[in-house]
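Below are some questions and answers on one structure, for reading alongside the sequence and the model.

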Amino acid sequence: MGFRGRSIRIRAAVAAGLLLAALALLTVIPIAGLSNSAGQKSLFSAVLNAATSATSLDRKPAATATRGTFTGVASCAGTTCHGRMEADGKVVRQDELQRWQEPSTQGGAHSRAFAVLGGARSRQIAATLGIGDPTAATECLGCHATPTSGPRGDRFLTQDGVGCEACHGPAGGWIASHYAVGASHATNVSNGLVPLDRPAARAAVCLDCHFGSDRPGQFVTHRIMAAGHPRIAFELDLFSTLQAHHDEDADYVSRKGRPDSLRLWAVGQALALERSLSLYAGARGTEGVFPEFYFLDCHSCHRRIYDQDSRVKSWEANPGRPIPPGMPPYNDENIIMLSAAAQVAAPALAARFESDSRAFHAAMGRDRASSVAAARRLAASAAALAAQFASAPPGGDMAFAIVERIAGQAIAPRFTDYEGSVQAVMGLDTLLNALVKSGRVTVGAAAGIRADINRAYAAVREPNSFRPGDFRMALGSAARGIGALR
Ligand code: HEC
Ligand code: HEC
Ligand code: HEC
Ligand code: HEC
């Protein structure tokens, strides 16, 4: 399946099968389409094929591999390592390479990330920006290839796209020891493996590319978007599920503890907001004499103008954003989700978060200096929430309560714009999945209300004809559907 057109890709895919994908991983049933077919084998990229056939039996790391060295995908891809055709490894699947390359799923997106830079859309973006060849442009490679903070080994290839080490960290320090008898997760981590099992560590990695960072080449400015780059939507738990190439089986739990979707969602919301505000408060926050538009609600500027005697009002006042009418508000998708999560799971911090977020919106209507000060305070509130969610995770029936809040009287009127609404649907989907994974809702019952969730996705399918009122109705019935499963 090809999901063309950014605004539909995630949602269509999710509607079609997030739940199934999540459950297949849980119960270690191979997902249909990921089976080991002949067609599948031919999909291996020529680059990797060449690299792995030359080196598949050679498990020794390259001579240059020391701690901090990026050794390249080929060094993980041996047929006795992570390049198996079957998921028959004792500890981990060992077919991770295939899943990372699977072209029919979002799981394969990272291996394609470099290749898209050679396509027509990228060339057109680069031509508009005047940055030359996109496959060589710093502005693109920071996210469409493996960003390297250390030396590159002999087998490192930029063309491999977002390779294993983009997330798992430079392998130089642990590649030779991580499969040895007696190696533990803790020793691997102390040798430089990124502890992606920890929500905060994972969020930090994903957000670099799925929101942006202050490092070179890791930010999609409004200028890049205006040149044709798709907008970026992200939710940590949902996107983790979509790209997963591991099984959360008993063995995984014994090594790393039981993963918790609700916690991943909540920590992900808090750290996404913290990232956004810290970047806004820093050098990324301005462009020319303007604030950087990437941080703002897109449709507050991108609306039709009506000029006639009987007024046509195409925007709605938003009770969570005390900013004067006629000014573009900050994109508050994560602020809204966090308000709901804090009220349920961190009530002691909820009031502070609420007043900091209102103060921040209001400061956006004054001047940059006060908006930066308010952004720093709100970022600190978000960090405090992240710490609380990570140490005392929201548990039990809290997912039901959060769903109820999101669609309830206090929060729902804040869904006046597209981004916040997309985040709300992804949130409902994730929270429902969390309930299924924790055994509070059966698979059958969840499948029974799938149509309600799909209607909410449908209400955000087309950004340009987004209607907040219709969306809130769809959201309300999806939330009632979930509530009825309690
Ligand atoms: C901050 C990280 C970041 C930077 C910088 C970046 N991109 Fe992207 N790009 C992404 C992400 C993330 C997506 C996927 C968006 C989604 O689907 O959620 C993407 C998607 C795309 C797509 C659509 C891919 C598809 O499969 O349809 C194209 C084309 C693209 N980027 C080109 C570029 C070009 C050209 C540049 C440099 C001018 C660039 N990108 C810079 C992160 C980035
Ligand atoms: C986009 C980020 C990303 C990329 C790229 C990526 N991984 Fe992962 N990987 C993860 C996450 C997240 C997990 C689950 C969390 C964890 O590490 O326990 C994971 C889990 C794994 C596991 C299972 C760990 C366990 O303890 O059970 C293996 C093995 C693995 N990845 C290997 C690879 C290999 C090999 C590649 C390259 C072919 C790769 N990964 C590319 C993010 C990524
Ligand atoms: C080095 C940059 C980078 C990092 C780190 C990264 N991604 Fe990505 N990711 C991308 C790019 C670029 C794309 C789009 C590729 C394309 O569509 O061609 C993408 C696509 C995806 C997609 C498919 C989205 C879609 O619309 O089809 C998912 C899911 C995803 N990433 C999840 C994650 C998760 C989860 C993490 C953290 C564990 C992560 N990514 C870390 C760069 C990155
Ligand atoms: C503060 C106002 C403002 C905000 C907020 C804003 N934009 Fe823009 N956008 C503009 C302006 C001004 C242009 C340039 C239009 C022109 O030259 O006529 C533009 C152009 C664009 C274009 C190119 C349109 C075309 O016809 O080529 C796209 C795409 C775009 N913006 C997307 C976005 C996205 C996505 C967001 C949210 C992340 C966003 N914009 C937020 C003001 C804004």
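Q: At what angle do helix α20 (residues 418–437) and helix α23 (residues 468–483) pack?
A: This is a predicted model, in which local features need pLDDT of at least 70 and side-chain atom pairs count only at pLDDT 80 or more, while totals for chains, interfaces and linings use all residues. Residues are numbered from 1 along each chain as its sequence is written, and chains are lettered from A and ligands numbered from 1 in the order in which they are written. Helices (H or I, at least four residues) and strands (E, at least two) are DSSP runs, numbered from the N terminus; axes are lines fitted to C-alpha atoms, for helices over the stretch in contact, and angles run from 0 to 180 degrees between N-to-C directions. The axes of α20 and α23 are 11 Å apart, and the helices pack at an angle of about 10°.

Q: Is α20 roughly parallel or roughly antiparallel to α23?
A: Angles under 35 degrees count as roughly parallel, over 145 as roughly antiparallel, 65 to 115 as roughly perpendicular and the rest as oblique. The angle between α20 and α23 is about 10°, which makes the two roughly parallel.

Q: Which residues of α23 meet α20?
A: Two residues are in contact if their C-beta atoms, placed from the backbone, lie within 7 Å. By class (Ala, Val, Leu, Ile, Met, Phe, Trp, Tyr, Cys and Pro are nonpolar; Asp, Glu, Lys and Arg are charged; the others, Gly among them, are polar), the contact of α20 with α23 has eight nonpolar, one polar and no charged residues. From α20 come Ser421, Ala424, Leu428 and Leu432, and they meet Phe471, Leu475, Ala478, Ala479 and Ile482 of α23.

Q: How are α14 and α20 oriented, roughly parallel or roughly antiparallel?
A: Helix α14 (residues 261–281) packs on α20 with the axes 8 Å apart and an angle of about 155°. Ser261, Leu262 and Trp265 of α14 contact Gly427, Thr430, Leu431, Asn433, Ala434 and Lys437 of α20, a set with four nonpolar, four polar and one charged residues. Given the angle, α14 and α20 are therefore roughly antiparallel.

Q: Which element gives the most residues to the shell around ligand 3?
A: A residue is near a molecule if its C-beta atom, placed from the backbone, lies within 6 Å of it, and among the 24 residues around ligand 3, Gln106, Ala109, Cys206, Cys209 and Leu242 come nearest. The elements that give two or more residues are α1 (6–27), α5 (109–112), α7 (138–144), α8 (164–168), α10 (199–210) and α12 (236–243). The shell divides into 14 nonpolar, six polar and four charged residues. The most, six residues, come from α10.

Q: Which domains each give at least three residues to the shell around ligand 1?
A: Arg121, Ser122, Pro134, Cys140 and Cys143 come nearest of the 27 residues around ligand 1. The largest share of this shell, five residues, comes from α7. Domain bounds come from an automatic or database domain assignment, and the shell draws at least three residues from each of domain 1 (1–32 + 195–306 + 319–486) and domain 2 (35–194).

Q: Which elements each supply at least two residues of the shell around ligand 4?
A: The residues that surround ligand 4 include His222, Met225, Arg231, Cys298, Cys301 and His302. By class, the shell has eight nonpolar, three polar and one charged residues. The elements are α11 (222–226) and α15.

Q: Is Asn331 buried or exposed?
A: Asn331 lies in the loop between α15 (298–301) and α16 (333–345). Leaving aside neighbours within four places in sequence, Asn331 is in contact with Phe295, Leu296, Asp297 and Glu419. A residue is buried if 20 or more other C-beta atoms lie within 10 Å of its own, exposed if 12 or fewer, and partly exposed in between, with C-beta atoms placed from the backbone. Asn331 has 20 such neighbours, so Asn331 counts as buried.

Q: What is the phi of Gln94?
A: Most residues other than glycine have a negative phi. Gln94 sits in the loop between α3 (46–55) and α4 (96–101), and with 20 C-beta neighbours inside 10 Å, Gln94 counts as buried. Although Gln94 is not a glycine, its phi is positive, at about 75°.

Q: How far apart in space are Arg450 and Ala478?
A: Arg450 is in helix α22 (residues 450–458) and counts as partly exposed, with 16 C-beta neighbours inside 10 Å. Arg450 and Ala478 are 28 residues apart in sequence, and their C-alpha to C-alpha distance is 8.5 Å.
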